[in-house]
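Trainee: I have a new structure to read. Could you take me through it step by step?

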Amino acid sequence: MDCSFIRRNLFSYQEHQLSDKDNKEFEAHLHSCAECYRIVSKFQSVISVIDLRKTEEPNPFAGTRIIQLLESEIERNKEKAEPLFLRVLQPLAVAALLVIAVIIGFSIVTQREPGISAIINHQQDIQSIQSDLNIPDFIDEDETFFANK
Ligand SMILES: [Zn+2]
């Protein structure tokens, strides 16, 4: 068997139409001839791609049906996504707002707390100084100024 037989019978080999004897000799030649092996494997890869295309070739209705299925699937996911958003994110948003409110409340209280106590302490200081120095009351200088006018 020579190389020309191989190249003339690529299709016959691929379609299993060679006699058992020819088929065995064909394969024996492939094992001994690198060039024919390369040609046959290339031919087979081309054929397999063509076969794949044939099986993948969609009938016109399959195409639209697949698109319809995808669209209905997308619609269903949209419907699912919205309740999920509300069920999960709404409580999270409420919780986050509560946390923020608590933090703001604390910061206001802690900001005011020292201020109020400082004023109270200041008044107590004034009272203790007044009693220590025996002063009946601090005079509001503005009041006396305007009263004299
Ligand atoms: Zn060969």
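Trainee: In which helix is H29 found?

Mentor: Start by placing a residue in its element. H29 is found in helix α3. Keep in mind that this is a predicted model.

Trainee: Is H29 buried or exposed?

Mentor: Look at the relative accessible area. Under 20% counts as buried. H29 has 10% relative accessibility, so it counts as buried.

Trainee: Which residues does H29 touch, not counting those up to four places away in sequence?

Mentor: H29 touches M1, D2, C3, I6 and C36.

Trainee: How do I read the metal site? Which residues are the protein donors of the zinc ion?

Mentor: List the donor atoms, then their distances. The zinc ion is held by SG of C3, NE2 of H29, SG of C33 and SG of C36. These donors lie 2.1 to 2.4 Å from the zinc ion.

Trainee: What arrangement do the four donor atoms form?

Mentor: Check the angles. Four donors count as tetrahedral if all angles lie between 85 and 135 degrees. Around the zinc ion the angles are 101 to 113°, so the arrangement is tetrahedral.

Trainee: How are the donor residues spaced in sequence?

Mentor: The spacing is C-x25-H-x3-C-x2-C. Now place two of these donors. C3 lies in helix α1, residues 3-8, and C36 lies in helix α4, residues 34-56. The pair therefore ties together parts that are 33 residues apart in sequence.

Trainee: How accessible are C3 and C36?

Mentor: C3 has 30% relative accessibility, so C3 counts as partly exposed. C36 has a relative accessible area of 1% and is buried.

Trainee: Next, the core. Why look for one?

Mentor: In soluble globular proteins, nonpolar side chains tend to be buried together. Here the largest nonpolar core has 13 residues. I6, L10, F26, L30 and V40 have the most contacts inside it. The elements giving two or more residues to this core are α1, α2 (10-14), α3 (20-32) and α4. The largest share, five residues, comes from α4.

Trainee: What is V40 in contact with, leaving aside neighbours within four places in sequence?

Mentor: V40 is in contact with I6, L10, Y13, F26 and L30.

Trainee: How do I read a single helix? Which residues of α3 are buried?

Mentor: Begin with its length. α3 has 13 residues and reaches 19 Å from its first C-alpha to its last. That is close to the 18 Å expected at 1.5 Å a residue. Then sort its residues. F26, H29 and L30 are buried. They cover an arc of only 100° around the axis, so they sit on the same side of α3. On the other side, D20, K21, K24, H31 and S32 are exposed.

Trainee: What about backbone angles? What is phi of H16?

Mentor: Most residues other than glycine have a negative phi. Phi of H16 is near 55°, a positive value in a residue other than glycine. H16 lies in the loop between α2 and α3. H16 is exposed, with a relative accessible area of 70%.

Trainee: Now the whole chain. How many helices and strands are there?

Mentor: The protein chain has six helices and zero strands. Along the sequence the pattern is α-α-α-α-α-α. Of its 149 residues, 11% count as buried. Finally, take the contacts with a separation of 6 or more: residues 24 or more positions apart account for 50% of them.

Note on methods. Residues are numbered from 1 along each chain as its sequence is written. This is a predicted model: local features need pLDDT of at least 70, side-chain atom pairs count only at pLDDT 80 or more; totals for chains, interfaces and linings use all residues. Side-chain values use heavy atoms; hydrogens and water are left out. Donors are N, O and S atoms within 2.8 Å of the metal (3.2 Å for Na, K and Ca); water is not among the atoms, so sites may look incomplete. Four donors count as tetrahedral if all angles lie between 85 and 135 degrees; four count as square planar and six as octahedral if opposite donors are over 155 degrees apart and all others between 65 and 115; anything else is irregular. Helices (H or I, at least four residues) and strands (E, at least two) are DSSP runs, numbered from the N terminus. Buried means under 20% relative accessible area, exposed over 50%, partly exposed in between (1.4 Å probe, protein chains only). A nonpolar core is a set of buried Ala, Val, Leu, Ile, Met, Phe, Trp, Tyr and Cys residues joined through side-chain atoms within 4.5 Å. Contact means heavy atoms within 4.5 Å. The expected span of a helix is 1.5 Å times one less than its number of residues. The arc is that of the directions from the helix axis to the C-beta atoms.
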